[in-house]
Amino acid sequence: MPRTTDGDGTPVPQRLLAAATRLFAEQGYDRTSVQEIVEAAGVTKGALYHYFGSKDDLLHEVYARVLRLQQERLDAFADSDEPVEKRVRDAAADVVVTTIDNLDDASIFFRSMHQLSPEKNKQVRAERRRYHERFRALIEEGQRAGVFTKETPADLVVDYHFGSVHHLSTWYRPDGPLGPQEVADHLADLLLRSLRP
């Protein structure tokens, strides 16, 4: 039975994910071997295969853990009693901050998504679609209430915002002139300006 934690109590799955994330970011998914991952995590191949069926499963989990976090947070914003404009702005800013906070994961994923198995790729697309549909529903709620314009279809507004989010890993730098919250505020404000009647 594989050890579930290391000396500081870090569970083996988290150690494997941390090692895989670092190596995938540094070397690329296709140039990283399973052996390198287990050595960096300080575990055996048996431990990796106990928690993850394959390197493909690790790649999927790198992105899925961020998407799960973002989905939970979006659901909380969407379900709150705040006015729809505030919920949309908060959700729009939050997805930017959580993406920047997990920039390696996002970068790895968008560089390597095409290397997922067809089944995993389909699963990820369904998870992303669920997130985008929930975000779009918030915009449509605002459009029905007359808070947002109906001139631009909600689908296009969602694609516009998430296009910006998905490209953060290509240009954002932690040592750059804007911090995560500043970028989030600017992008959320741009989104709201595009929605105002």
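Tutor: Let's begin with a term: buried area is the accessible area, taken with a 1.4 Å probe, that two parts lose on being put together, summed over both. Here, domain 1 and domain 2 bury about 1,400 Å² between them, and carbon and sulfur atoms give 68% of that.

Student: What should I know about where these values come from?
Tutor: This is a predicted model, so local features need pLDDT of at least 70 and side-chain atom pairs count only at pLDDT 80 or more, while totals for chains, interfaces and linings use all residues. Residues are numbered from 1 along each chain as its sequence is written, and side-chain values use heavy atoms, with hydrogens and water left out.

Student: Which residues make up domain 1 and domain 2?
Tutor: Domain bounds come from an automatic or database domain assignment. In this protein, domain 1 covers 9-53 and domain 2 covers 55-195. Their centres, taken over C-alpha atoms, are 27 Å apart.

Student: How many residues of each domain are in contact?
Tutor: Contact means heavy atoms within 4.5 Å. By that rule, 15 residues of domain 1 meet 14 residues of domain 2.

Student: How many helices and strands does the protein have?
Tutor: Helices (H or I, at least four residues) and strands (E, at least two) are DSSP runs, numbered from the N terminus. This protein has ten helices and zero strands. Its C-alpha trace spans about 60 × 35 × 30 Å along the principal axes.

Student: What does UniProt list here?
Tutor: UniProt positions are given in the numbering used here, feature names are shortened, and annotations may be inferred rather than shown by experiment. The unreviewed entry lists residues 10-70 as "domain: HTH tetR-type", a span that is 77% helix and 0% strand. The UniProt entry, also unreviewed, lists residues 33-52 as "DNA-binding region". The end C-alpha atoms of residues 33-52 lie 14 Å apart, and 75% of that span is helix.

Student: What percentage of the residues count as buried?
Tutor: Buried means under 20% relative accessible area, exposed over 50%, and partly exposed in between (1.4 Å probe, protein chains only). Of the 197 residues in the protein, 46% count as buried.

Student: How many residues of α5 are buried?
Tutor: The count is 13 of 18, so α5 is largely enclosed by the rest of the structure. Take Ala91, which is found in α5: at 2% relative accessibility, Ala91 counts as buried. Leaving aside neighbours within four places in sequence, Ala91 is in contact with Leu74, Phe77, Tyr131 and Phe135.

Student: And is Arg89 buried or partly exposed?
Tutor: Arg89, also found in helix α5, has 21% relative accessibility and so counts as partly exposed. Not counting residues up to four places away in sequence, Arg89 touches Asp185, Ala188, Asp189 and Leu192. The C-alpha atoms of Arg89 and Ala184 are separated by 9.5 Å, though the two are 95 residues apart along the chain.

Student: Which residues of α10 are buried?
Tutor: First the general idea: an α-helix has 3.6 residues a turn, so residues three or four places apart point the same way. In α10, the buried residues are Val183, Ala184, Leu187, Ala188, Leu191, Leu192 and Leu195. They cover an arc of only 165° around the axis, which puts them on the same side of α10. That arc is the one made by the directions from the helix axis to the C-beta atoms.

Student: What do those buried residues pack against?
Tutor: They pack against α5 (84-101), α7 (118-144), α8 (154-166) and α9 (168-171). As for its span, α10 (residues 180-195) reaches 23 Å from first C-alpha to last, close to the 22 Å expected.

Student: Where is Phe148 found?
Tutor: Phe148 is in the loop between α7 and α8, and at 3% relative accessibility Phe148 counts as buried. Beyond four places in sequence, the residues Phe148 touches include Val84, Val88, Leu192 and Leu195.

Note on methods. The expected span of a helix is 1.5 Å times one less than its number of residues.
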